[in-house]
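Hello,

Here is the structure we talked about. Please open it first, then read my notes below.

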Amino acid sequence: MFLKRRMKLISHLQTDLNVDVALIIFPLHIYYFTGFLSDPHERFFALVVDTKTEKTTLFVPALDIEAARQVVDVNELIPIQDSENPYHILKNHLPNELDSIAVEKSSLSFLRYEHLKALYPDATFVNVEHFIHRERMRKSPDEIQHVKKAIEITEQGLKNTIEKVVSGLTELQIKAELEYQLTMLGSDGLAFDTVVLSGDQSALPHGTASHRKVNEGDFLLFDVGVRVNGYHSDITRTFVVGKSNNKQKEIYEIVKNANERAIERVEVGIPLKEIDIAAREYIAEKGYDQYFPHRIGHGLGLDVHELPSIHQENEEKVEAGFLFTIEPGIYILGIGGVRIEDNIYVTEQGKVEILTNYPKTLIEI
Ligand code: MN
Ligand code: MN
C-alpha cells in the first residue's frame with residue numbers, strides 16, 4: 001500500500017510537476033507514504049524522493065532509527081544525530097545541482113526554506129501538497145477500519161460518561177471523565193481538545209469547556225473524537241440535562257432533520273454544495289438560517305479537518321472513497337445551541353455508509 005502510494009507520487013512528480021526531487025516533511029504525509037508514524041518535534045524528519053532515479057530516502061532523527069527500520073521499506077534510511085547539521089547530511093545525499101524541488105508549502109517553515117535555498121540557490125520550489133491532499137480524500141477500506149475503531153471508542157466513551165453526568169458537575173469535570181473513558185477504551189489519543197458546553201455556553205459553535213456547573217434544563221453539547229493508528233473520529237451529540245422545554249425540543253428536531261436530510265442527499269456524482277444546501281434550506285424554511293453560521297461538514301482522516309470542504313459554494317463532486325462529517329447546528333445566544341455531527345463514508349463501490357451509530361433522538365439525562 002505504501003509503495004503504491006509512493007509510485008503514484010513519483011509519477012505525479014515526473015509527469016505533472018516536472019521536478020528533480022520532492023522533500024516531504026509533514027509527519028502525517030511521511031506516515032501516509034511510508035507507514036512510519038512519528039512526531040519529530042523540532043528535529044529534521046523528511047522523506048526525499050529523487051524523481052530521476054526513483055530512489056526514496058527517509059531522513060530520521062537518530063533516536064527513531066530502530067522504530068523506523070521495523071516499519072519502512074524505502075530505499076535508504078539515514079539517521080541524523082541531534083549534534084549534526086541536517087542540511088549538510090541532506091546535501092551529501094542529494095545531487096549537487098537541482099533545478100526544482102517539490103515541497104509542502106504550508107508545512108515548510110520560512111527558516112527551513114532559507115536553509116534549502118542556501119543549499120540550492122537557483123532551485124525553484126513547487127507545491128506538492130495539492131496532490132497529496134487530493135490523494136488523501138479517497139480512503140481505502142483499510143483506512144476506514146481505523147476510523148471505525150475510533151468511532152466505536154468515542155461512542156462508547158460518550159455513553160459511559162453520560163451515565164455519570166449529574167447537575168453540579170462542571171464542564172471540565174465532565175470532560176475529564178470522558179477523556180479518561182476514551183483512554184481506558186483504547187484510543188491512541190484525542191483528536192482535538194474535547195468540547196463540553198452547557199446551557200448558554202452551547203450557543204458558541206467554537207466554545208471550550210469551562211468551570212461552569214451543569215444545571216437542570218441545560219443543553220449539554222459534546223464534540224469529541226479520538227485517534228486510532230493516525231485516523232480520527234469527530235462526533236457531536238447534544239443532550240438536555242433533566243426535562244427539555246418546548247423551545248429546546250423544537251431546535252433539536254430541526255437540527256436532527258437537517259442532519260438527516262443532508263445525509264440522504266449524499267450520492268456519488270452530486271456537487272458537494274448540494275449536501276450543505278439540503279440542510280441549509282430546510283433550516284431556513286424553519287426560520288433559523290441566521291443561527292447556522294458554518295459549513296455542513298469537512299473531510300476527516302489523518303487530519304481532523306481535511307479535504308473535501310462541504311460548503312454551499314463547493315461545486316466539486318462526491319467521489320467514492322470520501323469520508324466526511326455532516327454537522328448542522330443552530331446556536332442562539334441566551335438559549336443555547338444544538339449540533340449533531342455524524343461521520344459518513346462513501347465506499348469504493350459508491351455506497352453511502354453512516355459510520356456513527358450513537359442515537360440521534362433527544363436524550364434527557
Ligand atoms: Mn466536531
Ligand atoms: Mn467536525
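**The metal site**

Four side chains coordinate the manganese ion (ligand 2): Asp234 (OD), His298 (NE2), Glu327 (OE) and Glu341 (OE), at 2.1 to 2.2 Å. Keep in mind that this is a predicted model. Along the chain, the donors of this manganese ion (ligand 2) follow the spacing D-x63-H-x28-E-x13-E.

Asp234 also bridges two metals. They are the manganese ion (ligand 2) and the manganese ion (ligand 1), which lie 3.1 Å apart. Asp234 sits in the loop between β11 (231-232) and β12 (235-240), and Glu341 in the loop between β17 (336-339) and β18 (342-346), so the pair ties together parts that are 107 residues apart in sequence.

Are these two residues buried or exposed? The cut-off for buried is under 20% relative accessible area. Asp234 has 3% relative accessibility, so it counts as buried. Glu341 has 0%, so it counts as buried too.

**The whole chain**

The chain has 10 helices and 19 strands. Its radius of gyration is 23 Å, close to the 21 Å that the globule rule gives for 365 residues, so the chain is as compact as a globular protein of that length. The C-alpha atoms fill a box of roughly 70 × 40 × 35 Å along the principal axes.

Of the 365 residues, 56% count as buried. The chain exposes about 16100 Å², and carbon and sulfur atoms supply 50% of that area.

Now the contacts. Among those with a separation of 6 or more, 66% join residues 24 or more positions apart.

Last, the charges. There are 39 positive and 56 negative ones, and their mean positions are 3 Å apart.

Best wishes

Key. Residues numbered from 1 in each chain as written. Chains lettered and ligands numbered in written order. Predicted model: local features only at pLDDT ≥ 70, side-chain atom pairs only at ≥ 80, totals over all residues. Heavy atoms only, no water. Helix = DSSP H or I, 4+ residues; strand = E, 2+ residues; numbered from the N terminus. Rg over C-alpha atoms; globule rule 2.2 N^0.38 Å. Buried < 20%, exposed > 50% of the residue type's maximum accessible area, 1.4 Å probe, protein only. Contact = heavy atoms within 4.5 Å. Areas by Shrake-Rupley, 256 points an atom, 1.4 Å probe, with all protein chains shown as cover. Lys, Arg positive; Asp, Glu negative; His and termini not counted. Charge placed at Lys NZ, Arg CZ, Asp CG, Glu CD. Donors = N, O, S within 2.8 Å, 3.2 Å for Na, K, Ca; no water.
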